[in-house]
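Hi everyone, thanks for coming. Let me put the structure up on the screen, and then we can walk through it together.

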Amino acid sequence: MKLLRMVLATALVTFFASLNPLVAHADNHSANAATLPSDEGIVVSTMDTTGYTYIELSNGAKKFWIAAPTTKVKNGDHIRFVENMTMHNFTSKTLNRTFDKLVFVTSTQVKVAQ
């Protein structure tokens, strides 16, 4: 089952990358933050659990949390994600925390200025 999820996530990333290749941007997070698409954000904080990385993102004036398959990101990274579903009042038993809104994603990709 885990292998199937990884294969599907890889296929989705490949598919979406072929449709909309990353465009190089200046690495000015504060200037870009106001104009980011809804499927992107700047990493504010992270928490790792078994199988998931919870990532707090900033996009303009709003902050929100996503849950992604375990991934390595650091504060300040500009990431794009593929949304799967959104849950309200989601309680993580592992973190002993309830999120007002949590976006589950199938994959993340760090955008790198070239």
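Before we start on the strands, one definition: two strands pair if DSSP finds at least two bridges between them. Please also keep in mind that what you see is a predicted model.

With that in hand, take strand 1 and strand 2, residues 52-59. They are joined by 7 bridges and run antiparallel. One of the pairs is methionine 47 with tyrosine 54, its bridge partner in strand 2. The two strands make a hairpin with 2 residues between them, and glycine 51 in that turn has a positive phi of about 90°.

Now let's step back to the whole chain. How many helices and strands does the protein have? There are 2 helices and 5 strands, and along the sequence they come in the pattern α-α-β-β-β-β-β. The 5 strands form a closed barrel in the order 1-2-3-5-4, with mixed pairing. On average, neighbouring strands in this sheet are turned by 40° against each other, direction ignored.

The protein has 114 residues, and 33% of them count as buried. Its accessible surface is about 7,400 Å², with 57% of that belonging to carbon and sulfur atoms. If you take contacts between residues at least 6 apart in sequence, 50% of them join residues at least 24 apart.

Let's go to the other partner of strand 1. Strand 1, residues 40-49, pairs with strand 4, residues 78-92, in the antiparallel sense over 3 bridges. Within strand 4, isoleucine 42 has histidine 78 as its bridge partner, and glycine 41 has isoleucine 79.

Here is a residue I'd like you to look at: glutamate 40, which lies in strand 1. Is glutamate 40 buried or exposed? Its relative accessibility is 2%, so it counts as buried, the cut-off being under 20%. Its side chain makes a polar contact of 2.8 Å with the side chain of histidine 78. Beyond its sequence neighbours within four places, glutamate 40 is in contact with several residues, including Asn59, Phe64, Arg80 and Lys111.

For contrast, look at asparagine 75, in the loop between strand 3 and strand 4. Asparagine 75 has a relative accessible area of 54%, so it is exposed. Which residues does asparagine 75 touch, not counting those up to four places away in sequence? They are Val43, Val44, Ser45 and Thr46. Asparagine 75 and serine 45 are 30 residues apart in sequence, yet their C-alpha atoms are 5.9 Å apart. A polar atom of the asparagine 75 side chain also lies 3.3 Å from the backbone oxygen of valine 44.

Last stop, the inside. In soluble globular proteins, nonpolar side chains tend to be buried together. Here the largest nonpolar core has 11 residues, among them Val43, Leu57, Phe64, Phe81 and Val103. Strands 2, 3, 4 and 5 each supply at least two residues of this core, and strand 3 gives the largest share, 3 residues. There is also a second, separate core of 7 residues, which includes Ala67, Phe90, Leu102 and Phe104. Finally, if you click on valine 103, you'll find that it touches Ala67, as well as Ile66 and Phe81, among others.

That's my tour, and I'm happy to go back to any view.

Terms used:
Residues are numbered from 1 along each chain as its sequence is written. This is a predicted model: local features need pLDDT of at least 70, side-chain atom pairs count only at pLDDT 80 or more; totals for chains, interfaces and linings use all residues. Side-chain values use heavy atoms; hydrogens and water are left out. Helices (H or I, at least four residues) and strands (E, at least two) are DSSP runs, numbered from the N terminus. Buried means under 20% relative accessible area, exposed over 50%, partly exposed in between (1.4 Å probe, protein chains only). Contact means heavy atoms within 4.5 Å. Accessible areas come from the Shrake-Rupley method with a 1.4 Å probe; for residues, only the protein chains shown count as cover. Axes are lines fitted to C-alpha atoms, for helices over the stretch in contact, and angles run from 0 to 180 degrees between N-to-C directions. A polar contact is a pair of N or O atoms within 3.5 Å; within protein, one must be able to donate a hydrogen and the other to accept it, and residues adjacent in sequence count only if both atoms are side-chain atoms. A nonpolar core is a set of buried Ala, Val, Leu, Ile, Met, Phe, Trp, Tyr and Cys residues joined through side-chain atoms within 4.5 Å.
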